[in-house]
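Here is a short briefing on how one chain folds and packs. Please have the sequence to hand as you read.

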Amino acid sequence: MPGWATDARSVPGTTSRSANAIGFVSKTTACGGPVCGYLLKEASSALRAAMEEVLRPLGTSVTHYSCLELLAQRPGLSNSELARGAFVTRQSMNVLLQTLEREGSVTRPAAAPVGKVLPTRLTPRGRANLEKATAAVRSVEVRMLAGMTGTEQSEAFRILQSMTRSLRDGDDGA
């Protein structure tokens, strides 16, 4: 299969390409460097896997953690708002919210106070679960940034924020 190898050096013409953990040889730009979008996706995948690994023993997932974190920052969010913030479908978020309600981490009113929206709030149990999950996630972030100086970390944050803004604003760099 093109692009797959156990070692990038074993595929002719791929010496300037990089192989990830599963042996996929990333595409390169005309100047031979890796495609930035691919590297971002690879970093995102590695971050998610590391977060799942530390959250699993706590009985939670990245989506579960994201939901709790969003509710801590903005109590009363709706199912749709939480789904958008956690990058999942409304249906998936609804299933998660039902689970969180059953375990006592969140509360939602039986009937919508206005319209159809059921505002969701963290319970004390949900806050305690969030504290543990936040500590676990923070350990992953510390590990991820360990090889960077404070200045490099600040620059990385600035660059990532700029990329996000550019894509959201529709700026194609032209």
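Where is G85 found? G85 is found in helix 3. This is a predicted model, in which local features need pLDDT of at least 70, side-chain atom pairs count only at pLDDT 80 or more, and totals for chains, interfaces and linings use all residues. Residues are numbered from 1 along each chain as its sequence is written, and side-chain values use heavy atoms, with hydrogens and water left out.

**Overall layout**

- The protein chain has six helices and two strands. Helices (H or I, at least four residues) and strands (E, at least two) are DSSP runs, numbered from the N terminus.
- Along the sequence, the pattern is α-α-α-α-β-β-α-α.
- Of the 174 residues of the protein chain, 26% count as buried. Buried means under 20% relative accessible area, exposed means over 50%, and partly exposed lies in between (1.4 Å probe, protein chains only).
- Consider the contacts in the protein chain with a separation of 6 or more: residues 24 or more positions apart account for 36% of them. Contact means heavy atoms within 4.5 Å.

**Helix 1 against helix 2**

- The axes of helix 1 and helix 2 come within 9 Å and cross at roughly 85°. Axes are lines fitted to C-alpha atoms, for helices over the stretch in contact, and angles run from 0 to 180 degrees between N-to-C directions.
- Helix 1 is therefore roughly perpendicular to helix 2. The angle classes are roughly parallel (under 35 degrees), roughly antiparallel (over 145), roughly perpendicular (65 to 115) and oblique (the rest).
- Helix 1 contributes R48, M51, E52 and L55 to the contact, and helix 2 contributes V62, T63 and Y65.
- By class, this contact of helix 1 with helix 2 has four nonpolar, one polar and two charged residues. Ala, Val, Leu, Ile, Met, Phe, Trp, Tyr, Cys and Pro count as nonpolar, Asp, Glu, Lys and Arg as charged, and the others, Gly among them, as polar.

**Helix 2 against helix 3**

- Helix 2 and helix 3 (residues 79-86) pack at an angle of about 120°, with axes 9 Å apart. The two are therefore oblique to each other.
- From helix 2, T63, S66, C67, L70 and L71 meet L82, G85 and A86 of helix 3. The residues of this contact divide into five nonpolar, three polar and no charged.
- G85 is partly exposed, at a relative accessible area of 32%. Its C-alpha atom is separated by 9.6 Å from that of T63, 22 residues apart along the chain.

**Helix 3 against helix 4**

- The angle between helix 3 and helix 4 is about 110°, and their axes are 8 Å apart. That makes helix 3 roughly perpendicular to helix 4.
- N79, S80, L82, A83 and A86 of helix 3 meet R90, M93, N94 and L97 of helix 4. This contact divides into five nonpolar residues, three polar and one charged.
- F87 sits in the loop between helix 3 and helix 4. F87 counts as exposed, at 72% relative accessibility.
- F87 has a positive phi of about 60°, although it is not a glycine. Most residues other than glycine have a negative phi.

**The nonpolar core**

- The largest nonpolar core has 24 residues. Such a core is a set of buried Ala, Val, Leu, Ile, Met, Phe, Trp, Tyr and Cys residues joined through side-chain atoms within 4.5 Å.
- L55, Y65, C67, L71, L82, M93 and L100 have the most contacts inside this core.
- Helix 1 (36-55), helix 2, helix 3, helix 4 and helix 5 (124-145) each give two or more residues to this core. The largest share, six residues, comes from helix 2.
- In soluble globular proteins, nonpolar side chains tend to be buried together.

**Residues to look at**

- M93 lies in helix 4 (residues 90-102). M93 is buried, at 0% relative accessibility.
- Not counting residues up to four places away in sequence, M93 touches C67, N79, L82, A83, A86 and V88. The C-alpha atoms of M93 and N79, 14 residues apart along the chain, are separated by 6.4 Å.
- H64 lies in helix 2 (residues 62-73). H64 is buried, with a relative accessible area of 7%.
- Leaving aside neighbours within four places in sequence, H64 is in contact with G59, L96, L100 and E103.
- With the neighbours within four places in sequence left aside, L100 is in contact with H64, C67, L68, S105 and V106.
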